[in-house]
Amino acid sequence: ATRDQTSYNDQIFVWKHPEMSTSSISAKLFQSAKPMALRCLYHPFVYGLATGQLRQESFQNYVGQDFFFLHGFADAYKKAGQLSATKGDENGVKRFKVLEEGVAEELELHQGYAS
């Protein structure tokens, strides 16, 4: 692997954005994040999901946790939209409604996995 690539489990990943200056703060932060990015990329759950080798029990556990998490977001977006309405912020109302609808779509997917 070259200076701008990382080899991990015989896979090569390019870590340098083609337009990124190597001396920019973005490039320095990007390079410092490589070890964590690789740990995330090759976390057993992510790797299993990507390769089709994830145990069904692990996926079901994830869906259950995410379902709970998404309900929290839906509630927060709804309350933020209501607060925006009381402040006369129509743009905020619209934005939080879009976010709330996105969470609702995700929750529908989870219902499909659960059935």
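Colleague: How many salt bridges does the count come to?
Modeller: This is a predicted model. A pair counts when a side-chain nitrogen of Lys or Arg lies within 4 Å of a carboxyl oxygen of Asp or Glu. By this rule the count comes to two.

Colleague: With which residue does R55 form a salt bridge?
Modeller: R55 counts as exposed, at 53% relative accessibility. The closest N and O atoms are 3.7 Å apart, and the partner of R55 is E57.

Colleague: What separates K79 and D75 along helix α3?
Modeller: The side chains of K79 and D75 meet in a salt bridge, at 3.2 Å from N to O. D75 is partly exposed, its relative accessible area being 38%. K79 and D75 are four residues apart in helix α3, so the separation is about one helical turn.

Colleague: How far away is the nearest side chain of opposite charge to D66?
Modeller: D66 lies in helix α3. D66 is buried and has no salt bridge. The nearest side chain of opposite charge belongs to R55, at a distance of 18 Å.

Colleague: Which side chain does a polar contact of 2.8 Å join to that of D66?
Modeller: Leaving aside residues up to four places away in sequence, D66 touches E106 and H110. The polar contact of 2.8 Å joins the side chain of D66 to that of H110.

Colleague: Are the rings of Y42 and Y47 stacked, edge-to-face or tilted?
Modeller: The structure holds six aromatic pairs. In the pair of Y42 and Y47, the ring centres are 5.3 Å apart and the planes stand at 35°. Planes under 30 degrees apart would count as stacked and those over 60 as edge-to-face.

Colleague: Is Y42 buried or exposed?
Modeller: Residues under 20% relative accessible area count as buried. Y42 has a relative accessible area of 12%, so Y42 is buried.

Colleague: What is the angle between the ring planes of F59 and Y62?
Modeller: F59 and Y62 are three residues apart in helix α3 (residues 56–86), which means a separation of about one helical turn. F59 is partly exposed at 22%, and Y62 is partly exposed at 33%. Their ring centres lie 6.1 Å apart and the pair is tilted, with the planes at 40°.

Colleague: Which residues form one aromatic cluster?
Modeller: The structure holds six aromatic pairs. The cluster consists of F69, F73, Y77 and F96.

Colleague: In what order do the elements of the protein run from the N terminus on?
Modeller: The protein has four helices and two strands. Of its 115 residues, 17% count as buried. From the N terminus on, the order is β-β-α-α-α-α.

Colleague: Where in the protein is confidence lowest?
Modeller: The average pLDDT of the protein is 84, and 80% of the residues score at least 70. Confidence is highest in α3, at 94. Over residues 1–8 pLDDT stays under 50, although the model has 23 contacts beyond four places in sequence for them. Where pLDDT is low, the predicted coordinates should not be read in detail. The lowest mean is 49, in strand β1 (residues 5–8).

Methods. Residues numbered from 1 in each chain as written. Heavy atoms only, no water. Phe/Tyr/Trp six-rings, centres within 6.5 Å; stacked < 30°, edge-to-face > 60°. Buried < 20%, exposed > 50% of the residue type's maximum accessible area, 1.4 Å probe, protein only. Lys, Arg positive; Asp, Glu negative; His and termini not counted. Polar contact = N/O pair within 3.5 Å; in protein donor to acceptor, adjacent residues only side chain to side chain. Contact = heavy atoms within 4.5 Å. pLDDT = per-residue confidence, 0-100.
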